[in-house]
Structures are given as C-alpha cells and as structure tokens.
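The following note is intended for a colleague who is meeting this structure for the first time. Please read the numbered points with the sequence and the model at hand.

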Amino acid sequence: MTASRLRRALVLDLDGVLLDTRPVMRQAWREVRERHGINVSFEAYEQHLGRPFDDIMEILGLTEADRLHETYAEASQRGCELARPFNGVEEVLHAFAAADWLLGVVTSKPLDRAAPLLARLGCPFAAVRTPSGPGRGKPAPDPLMLALVDLATDPASAMFVGDMAVDRECARRAGVPYVHAAWGYGEPGSPTPEIARDPQDLLRVLDTSCESGPFVAGSLL
C-alpha cells in the first residue's frame, strides 16, 4: 500500500476522552485508601492519570502496587456503571467510521476493564492497545506506534486525541499529530497544542486532507 493510499486513523485515549470514568476512579481510589490505610488523596492520584497503575504508585511512593491494583481493579469493576460516554462521542466516532477512518484506542486501563466500556460505544475499533500488550506504557511512544502497526497506517495519516500530558508526550515521541480534548481531565500544556473544545469539534478534521502531511494545523511532530 502506498503512502498516498493509506487510510486515515483516529486514535483516542479512553479515560477523559471517550468516557467520563472519574466517578469510577474516585470510588475505587477511596476503597484503596480505606482498605490499605493510604493517606494519598484522589487529587494526587488523578494528576498522573494516563500512566500505567504501577508507574503511578511508584511516583506516589507507594509500595505493594500489586495488592493496591487488585483492590483498585475490583472496585472499578463493581463501579463501572458509573462511567458515561461524553456527550456526542458516539455520534462523532460513527461519523469518522462512515468517512472510512480507522478507529483505535490507546489507554493505560487494563484490557479486562477497558473492553466492556468500549463495547458500550458500539464502534468498530480496529486497534486497542493497553498495558497488557508489549512495550512500555505512556508517555513512551510504544502503545501508539503499535496501534499504528495494527492499523497499517503511518504517523502522518493518524491523529491522537488525549487529555493528559502523557498523551501529548506519547504522540510527540511517536511523531503523530496530537489534539487535546478540552473536555477531559488535564491541561493542554505549553506550547499550546491543537485543542478540540468538545467531541463534535473533532469533526472539522474530516474535511482536511492528510495527503500532503499532517492535517491538523498547529500539531506538534
């Protein structure tokens, strides 16, 4: 397949981009704190969203990450019904699919918790990369690059939508144009990347060609 014939790909983070999972995470972290006697606020945990759980525990100086993760995962499974797709996300995903874009997800949520949430969206995700796969987690470029391999497309023909600093760094290191989801949990950072105000705002890229390179104005490569 030549570069000019590569299909375009929309790759997205899950938490804070596709679904509002903050209520689930807050409840799960509360259970971790209570069961294990941990005095670390959810706000401190939330600052590092987007990284694999074990990496967050290391940053927070918490030991026995496996035990903490087991508690967190169990609580997350019980509270998964608290998660809700962001308004307009499903319609936007279907619009991209109808325009022959490939859809992918790169998330730090384990596959057993990500899959049921993604199934709610009813969209044909051609690639889903999670910490259970090979390579390093975000902010390393590995999961995004592997998703592009799954999608059989090039970085310049893809767009990654995230909401945390680790998403932006992952995209930069993978050479993929990045769009910051303003409806998510993190700040866009500096210099200011391309920003989508809401999910519907992503539709403007449907009319922009990627034939001659990055198609998102102001994207960082």
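1. A residue is called buried when its relative accessible area is under 20%, exposed when that area is over 50%, and partly exposed in between (1.4 Å probe, protein chains only). By this rule Leu-102 is buried, because its relative accessibility is 15%. The model is a predicted one, in which local features need pLDDT of at least 70 and side-chain atom pairs count only at pLDDT 80 or more, while totals for chains, interfaces and linings use all residues. Residues are numbered from 1 along each chain as its sequence is written, and side-chain values use heavy atoms, with hydrogens and water left out.

2. Leu-102 belongs to strand S4; helices (H or I, at least four residues) and strands (E, at least two) are DSSP runs, numbered from the N terminus. Which residues does Leu-102 contact, leaving aside its neighbours within four places in sequence? They are Arg-7, Arg-8, Ala-9, Leu-10, Ala-126 and Leu-151, where contact means heavy atoms within 4.5 Å. The C-alpha atom of Leu-102 is separated by 20 Å from that of Arg-172, a residue 70 places away along the chain.

3. Helix H5 spans residues 89–98, and its buried residues are Val-89, Val-92, Leu-93 and Phe-96. Viewed down the axis of H5, these residues fall within an arc of 100°, so they line one face of the helix; the arc is that of the directions from the helix axis to the C-beta atoms. The buried residues of H5 pack against strands S1 (9–12), S4 (102–106) and S5 (125–129). On the face turned away from the buried side, H5 carries the exposed residues Glu-91 and Ala-98.

4. Asp-100 is found in the loop between H5 and S4. Its phi is positive, near 75°, although Asp-100 is not a glycine. Most residues other than glycine have a negative phi, and most peptide bonds are trans. Asp-100 is partly exposed, at 44% relative accessibility. Its side chain meets that of Arg-7 in a salt bridge, at 2.8 Å from N to O; a salt bridge is a side-chain nitrogen of Lys or Arg within 4 Å of a carboxyl oxygen of Asp or Glu. Because Asp-100 lies in the loop between H5 and S4 and Arg-7 in the segment before S1, the pair ties together parts that are 93 residues apart in sequence. Arg-7 is partly exposed as well, with a relative accessible area of 34%.

5. Glu-64, in the loop between helix H3 (53–60) and helix H4 (65–78), also has a positive phi, of about 55°. Glu-64 is partly exposed, with a relative accessible area of 49%. It forms a salt bridge with Arg-67, the closest N and O atoms being 2.7 Å apart. Arg-67 is partly exposed, at 43%.

6. The salt bridges number 17 by the rule given above. One of them joins the side chains of Asp-201 and Arg-197 at 3.6 Å, N to O. Asp-201 is buried, with a relative accessible area of 7%, whereas Arg-197 is exposed, at 61%. Elsewhere, salt bridges that share partners join Glu-31, Arg-35, Glu-74 and Arg-78 into one network.

7. Where are cis peptide bonds found? One joins Lys-138 and Pro-139, with omega about 15°, and Pro-139 lies in the loop between S5 and helix H7 (142–151). Another joins Ser-190 and Pro-191, with omega about -5°. Pro-191 is in the loop between strand S7 (178–181) and strand S8 (194–196).
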